[in-house]
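Here's a quick briefing to read with the model open beside you. Take it topic by topic and follow along on screen.

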Amino acid sequence: MNTSTSASTSKTEPKADSKSESKTGSVTEAAYKIDSHTQKLVDEIKQLSKKRNAVILAHNYQIPIIQDIADFVGDSLGLSQQAAKTSAETIVFCGVHFMAETAAILCPTKRVLIPDLEAGCSLAESIDLAGLVAWKAEHPNAVVVSYVNTTAEIKALSDYCCTSGNALKIVQSIPEDKEILFLPDQFLGSWVQKMTGRKNMHIWMGECHVHAAVHPSKIDEKMKEHPDAELLIHPECGCLTPYLDRVARNAPDSKDVLKVASTEGMLKLATTSSAKKFVVATEVGILHRLKKENPEKEFLPISSEMSCQFMKMITLEKLHRSLVEDVFHVTVPEETASKARLAIERMISIF
Ligand code: SF4
């Protein structure tokens, strides 16, 4: 089994006309059409962005047209890095709220906008401040490692943030004798625990509703249909640890076609692998970039239902409105931000 820890972003160029489904049912091309209304919006967004000295950042799970119009597309870590180093005055974050908060924490002097304030995250919502305070009180000497999918308040009470790309390295960097509280994703936590063999690691039982819904039988089914494919699987997936156990028990040879990776890791693996076909177990938005960067290869979603309704709340119209009306500002009080910044900067530095 391989893992990937890469983080990067892609500079994108808008692309016209496309289809959403191939014959095999995989989402292989941009799922939108450029009609005159869309083109007008695209043109105005570009002009407004320039006029406002703004940078548009889009997560890998955004709808294709948002990815194509963005200045940078990437995972949470890559976008945080872009936010930290941009010289733009305004950051328009096409992603979910905690990501825009992270940008606001890293760039306190910049204006951070999100096109829809309701774009939340079920995983970030799975732990609240009172829950973490009580957990810390039970383990007063523990080091708190928070997945980046958390609110600013949770980050402020954490020692480290991590992404799926560097969670392993961060846990490995903590002295063996230190207890760890890992939150909020139980599946990422159990995968890290399995890979490190760490006994003194406590895991919060949170989950992302999109990734939790994948059952190992779905993987069996898909891999049976496509025995020549490699499997790219995100560590947030609920099926990961049971599937790894089954593979180890029943088909240890098949571990070579199984790659556990963050979304940026998947993009790197797809490019460097000699395989021509991939089954992808994560949110379907990633298929757009996978296909765009590897047009000669085939990418099949493990399930077309793995779509995050929060990510999909960001539309071209809302992005346009965000730039026209200068909405919606995302700010974090400096007292919270200064504490959270330490944990985020550790995340960015350990790679
Ligand atoms: S896919 Fe899951 S973790 Fe990602 S934003 Fe949506 S709910 Fe949150």
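Four strands make an open sheet in the order β8-β7-β9-β10, and the pairing is parallel. Strands here are DSSP runs of E with at least two residues, helices are runs of H or I with at least four, and both are numbered from the N terminus. Two strands pair if DSSP finds at least two bridges between them.

This is a predicted model, where local features need pLDDT of at least 70, side-chain atom pairs count only at pLDDT 80 or more, and totals for chains, interfaces and linings use all residues. Numbering starts from 1 along each chain as its sequence is written.

**The sheet and its helix**

- At the edges sit β8 (160–162) and β10 (201–203), each pairing on one side only.
- On average, neighbouring strands of this sheet are turned by 25° against each other, direction ignored.
- Inside the sheet, β7 (residues 143–147) and β9 (residues 180–183) run parallel and share 4 bridges, with Val145 opposite Phe182 in β9.
- Helix α8 (residues 186–196) lies across β7, β9 and β10, at about 160° to β10. Such angles run from 0 to 180 degrees between N-to-C directions, with axes fitted as lines to C-alpha atoms, for helices over the stretch in contact.

**The core**

- The largest nonpolar core has 106 residues, and Leu57, Phe93, Cys94, Val280 and Ala281 have the most contacts inside it. A core of this kind is a set of buried Ala, Val, Leu, Ile, Met, Phe, Trp, Tyr and Cys residues joined through C-beta atoms within 7 Å.
- Helix α4 (residues 97–106) gives the most to this core: 7 residues.
- Burial goes by C-beta atoms placed from the backbone: 20 or more others within 10 Å is buried, 12 or fewer is exposed, and anything in between is partly exposed.
- Leaving aside neighbours within four places in sequence, Leu57 is in contact with residues including Ala70, Phe72, Leu79, Ile91, Phe93 and Cys94. Contact means C-beta atoms, placed from the backbone, within 7 Å.

**Around the ligand**

- There are 13 residues around the ligand, and Cys121, Leu123, Cys208, Val210 and Cys308 come nearest. To count as near, a residue needs its C-beta atom, placed from the backbone, within 6 Å.
- By class, the shell splits into 9 nonpolar, 3 polar and 1 charged residues. Ala, Val, Leu, Ile, Met, Phe, Trp, Tyr, Cys and Pro count as nonpolar, Asp, Glu, Lys and Arg as charged, and the others, Gly among them, as polar.

- As background, most residues other than glycine have a negative phi, and most peptide bonds are trans.
- Leu183 and Pro184 are joined by a cis peptide bond, with omega about -15°; Pro184 is in the loop between β9 and α8.
- Val327 to Phe328 is also a cis peptide bond, omega near -10°, and Phe328 is in the loop between α14 (316–325) and α15 (334–349).
- The loop between α14 and α15 also holds Asp326, whose phi is positive, near 60°. Asp326 counts as partly exposed because it has 14 C-beta neighbours inside 10 Å.
- Asn53, in the loop between α1 (36–51) and β3 (54–59), has a positive phi near 50°. Asn53 has 12 C-beta neighbours inside 10 Å, so it counts as exposed.

**An exposed proline**

- Pro175 is in the loop between α7 (167–172) and β9, and counts as exposed because it has 6 C-beta neighbours inside 10 Å.

Terms used
Contact = placed C-beta atoms within 7 Å.
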